[in-house]
Amino acid sequence: MLRISQLLKAILVATTAAGATASLADSAEILQLAQVSDGFDAEAKYMASCFACHSTGAAGAPKVGAGMMSEWEPRMDKGMDAVVANAINGVNAMPAKGLCFDCNDDDIRALVTYMLETSM
Ligand code: HEC
């Protein structure tokens with residue numbers, strides 16, 4: 001997963017810098033394949049645990065959805081590891097593990113990756 005997060009960070013930087021589109025689509029496909037091979041259904045888990053707040057932006061939650069990357073860019077400035085740590089431990093109105101009590105740390109990382117990927 002470490003390599004995926006590095007890739008993602010690279011994509012974010014590339015998008016911000018150059019508005020890359022073709023390579024972005026390729027990378028999103030790679031990310032999706034990586035998630036499937038994990039055997040963890042990030043989309044289903046996102047819908048069950050995170051969607052309620054993150055689709056609407058309830059309580060100031062960064063919104064997830066196409067074109068919402070501007071909600072995430074300032075947060076990603078502190079690095080993927082710090083963002084994932086906040087999702088695991090909770091921060092302000094964000095509850096620890098987003099109330100997904102059967103998610104382990106890797107699952108949360110996969111969920112954050114999914115949220116970023118679907119916000120491009
Ligand atoms: C009860 C509402 C709620 C639920 C459910 C929820 N979140 Fe959040 N989330 C928030 C709010 C509010 C913030 C903004 C916190 C802040 O920075 O003040 C946030 C922020 C975040 C962040 C950004 C952390 C950062 O460092 O900026 C991530 C990542 C995140 N949530 C992931 C998740 C995941 C993954 C799930 C599902 C497993 C989830 N959230 C479920 C409300 C929620």
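The model is predicted, so local features need pLDDT of at least 70, side-chain atom pairs count only at pLDDT 80 or more, and totals for chains, interfaces and linings use all residues. Residue numbers start from 1 along each chain as its sequence is written.

Let's start with the ligand. It has 26 residues around it, and Cys-50, Cys-53, Asn-92, Met-94 and Gly-98 come nearest (near: C-beta, placed from the backbone, within 6 Å). Helix H3 (42-54), H5 and H6 each supply at least two residues of this shell, and H3 gives the most, with five. Helices here are DSSP runs (H or I, at least four residues), numbered from the N terminus. By class, the shell has 18 nonpolar, six polar and two charged residues. Ala, Val, Leu, Ile, Met, Phe, Trp, Tyr, Cys and Pro count as nonpolar, Asp, Glu, Lys and Arg as charged, and the others, Gly among them, as polar.

Now for how the helices pack. The axes of H3 and H6 come within 10 Å and cross at roughly 70° (axes are lines fitted to C-alpha atoms over the stretch in contact; angles run from 0 to 180 degrees between N-to-C directions). That makes H3 roughly perpendicular to H6 (65 to 115 degrees; under 35 is roughly parallel, over 145 roughly antiparallel, the rest oblique). Cys-50 turns up again here, as one of the H3 residues in contact with H6 (C-beta atoms, placed from the backbone, within 7 Å).

H5 (residues 80-89) and H6 (residues 105-117) have axes that come within 9 Å and cross at roughly 120°, so they are oblique to each other. Val-83, Val-84, Ala-87 and Ile-88 in H5 meet Asp-105, Ile-108, Arg-109 and Val-112 in H6: six nonpolar, no polar and two charged.

Definitions and conventions: Two residues are in contact if their C-beta atoms, placed from the backbone, lie within 7 Å.
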